[in-house]
Amino acid sequence: MSLRTAKHQLASAVGSFLGWQQEIKSQQPTEGRKGKAHMGDELVLLEQAPEGYAVLTLNRPTAMNALSAALREALADAVTQLSAEPSCRVLIITGSGRAFCAGLDLKELGSAGEAPALGSKGADPVAALAGFTGPVIAAVNGAAITGGFELALACDIILASDEARFADTHARVGVLPGWGLSQRLPRIIGPGRAKEMSLTGNFVGARQAEVWGLVNRVLPASELLPTARSMAHDILSALPEMLPAMKRLIDDGYALPFGEAMALERERSLAHRAQVTGAAVAQRLSGVLVRGKAQSDS
C-alpha cells in the first residue's frame with residue numbers, strides 16, 4: 001500500500017467517524033444586509049448590521065462546516081475585508097446547520113496527499129482574526145472539533161448553545177496544532193484540563209465547558225444568535241476608540257509575565273490620560289450611572 005493511499009484511507013475513516021456525510025439543514029441569517037463574502041460561491045454568508053457589527057456564517061452544513069482550502073480562503077478574505085471597514089467594529093462567527101466547524105477537511109487532505117499550508121497568508125483565517133482590531137464573538141452552535149475548536153479559541157468571547165461540544169483530535173489524526181490551541185487552551189482552562197482534552201481526544205459538552213471557563217455562557221439554541229447580537233449592541237454602546245484599545249491591552253498584557261503586564265498597563269494608562277479631560281469623563285459618567293441603574297432595576 002502506498003503512503004498516499006494509506007493517508008486517503010485514514011482521512012476517509014476519520015471523516016466517517018466525525019459524521020461528515022450527515023445531511024444537516026442550513027440555518028440562514030435573518031437580519032441585516034446579506035451577501036457573499038467570497039465571489040463565485042456561498043461558503044461564507046455575510047450579514048452586516050447597520051448598528052456596526054457583522055455576522056459571518058460558515059456554510060458547508062453537509063460537511064459540518066469542515067475547513068476546505070476554499071472555505072479557509074473565503075473566511076480569511078471575509079475577515080480581512082471587514083477589518084478594512086471602519087463601520088464594522090464587532091464580528092460574530094457561527095456555523096450553519098448543526099455544527100460550528102469540524103476542523104480541516106480530512107477528505108480533501110487525504111486526496112491531496114500532503115498537509116495544507118496552514119500558515120500561508122492567503123488561507124489562514126486565524127491570522128486574519130488576529131488582524132481584526134475589534135471584539136470577535138464565537139457563537140458556537142454545535143460541534144467545534146480540532147481546527148474548528150482552534151477557530152473558536154481565536155475569538156475574544158465564546159458563547160455556546162446547549163448543543164455545542166468541543167474536542168481536540170490532533171493527537172488522533174497525527175497533526176500538531178498550528179493555530180494556537182496548544183497555547184491558548186491551557187491558558188484558559190489550565191494545563192491539566194487542556195492535556196486531558198488534547199491527549200484523550202474526548203468531547204467536552206457545553207455545560208462542562210462552562211464550568212471549566214472555556215465558554216462565557218451556555219444558551220438554548222434558539223437564543224444563541226439573538227444573545228450574540230445583543231452582546232454586540234452592548235459592546236458597540238461603549239466609546240468606539242476604547243474597544244480596540246482595551247482588547248489590545250488585555251491581549252498584550254496576557255502574553256507577558258504579570259509584573260511586565262502591570263508595567264505595560266501603567267505605561268499605556270498614563271499615555272492615554274494625557275489625552276482625556278476631566279470634564280469629558282464627568283459627562284460620560286452620568287450616562288454610565290443611568291445605564292447601571294436601568295440594569296439594576298430590570
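The following questions and answers set values from a predicted model against the definitions behind them.

Residues are numbered from 1 along each chain as its sequence is written. In this predicted model, local features need pLDDT of at least 70, side-chain atom pairs count only at pLDDT 80 or more, totals for chains, interfaces and linings use all residues, and side-chain values use heavy atoms, with hydrogens and water left out.

Q: What makes up the secondary structure of the chain?
A: The chain has 13 helices and 11 strands. These are DSSP runs, numbered from the N terminus: helices are H or I with at least four residues, strands are E with at least two.

Q: What is the accessible surface of the chain?
A: The surface comes to about 15400 Å², and 57% of that belongs to carbon and sulfur atoms. The areas come from the Shrake-Rupley method with a 1.4 Å probe; for residues, only the protein chains shown count as cover.

Q: Why is helix 11 called roughly antiparallel to helix 12?
A: Helix 11 (residues 242-254) and helix 12 (residues 258-273) pack at an angle of about 160°, with their axes 9 Å apart. That angle makes helix 11 roughly antiparallel to helix 12. Angles under 35 degrees count as roughly parallel, over 145 as roughly antiparallel, 65 to 115 as roughly perpendicular and the rest as oblique. The axes are lines fitted to C-alpha atoms, for helices over the stretch in contact, and angles run from 0 to 180 degrees between N-to-C directions.

Q: Which residues of helix 11 and helix 12 meet?
A: Met242, Arg248, Leu249, Asp252 and Gly253 in helix 11 meet Ala261, Leu264, Glu265, Arg268 and His272 in helix 12. Contact means heavy atoms within 4.5 Å. Sorted by class, the contact of helix 11 with helix 12 has four nonpolar, two polar and four charged residues. Ala, Val, Leu, Ile, Met, Phe, Trp, Tyr, Cys and Pro count as nonpolar, Asp, Glu, Lys and Arg as charged, and the others, Gly among them, as polar.

Q: Which residues join helix 7 to helix 8?
A: On the side of helix 7 they are Leu181, Leu185, Pro186 and Ile189, which meet Pro191, Arg193, Ala194, Met197 and Ser198 in helix 8. The contact of helix 7 with helix 8 has seven nonpolar, one polar and one charged residues.

Q: What makes Asn65 buried or exposed?
A: Asn65 has 0% relative accessibility and therefore counts as buried. Asn65 lies in the loop between strand 3 (53-58) and helix 2 (69-83). Its phi is positive, about 55°, although Asn65 is not a glycine.

Q: Why is Leu67 called buried?
A: The relative accessible area of Leu67 is 0%, so Leu67 is buried. Leu67 is in the loop between strand 3 and helix 2. Not counting residues up to four places away in sequence, Leu67 touches Arg72, Cys101, Gly103, Leu104, Asp105, Gly147 and Trp179.

Q: How do you know whether Thr146 is buried or exposed?
A: Thr146 has a relative accessible area of 10% and is therefore buried. Thr146 lies in the loop between strand 7 (143-145) and helix 5 (147-153). Thr146 is not a glycine, yet has a positive phi of about 55°.

Q: Why does Asp156 count as partly exposed?
A: Asp156 has 32% relative accessibility, so Asp156 counts as partly exposed. Asp156 is in the loop between helix 5 and strand 8 (157-161). Leaving aside neighbours within four places in sequence, Asp156 is in contact with Gly134, Pro135, Val136, Lys247 and Asp251.

Q: What makes Gly213 partly exposed?
A: Gly213 has 40% relative accessibility and so counts as partly exposed. Gly213 is found in the loop between helix 9 (206-212) and strand 11 (217-219). Gly213 touches Ile188 and Ile189, not counting residues up to four places away in sequence.

Note on methods:
Buried < 20%, exposed > 50% of the residue type's maximum accessible area, 1.4 Å probe, protein only.
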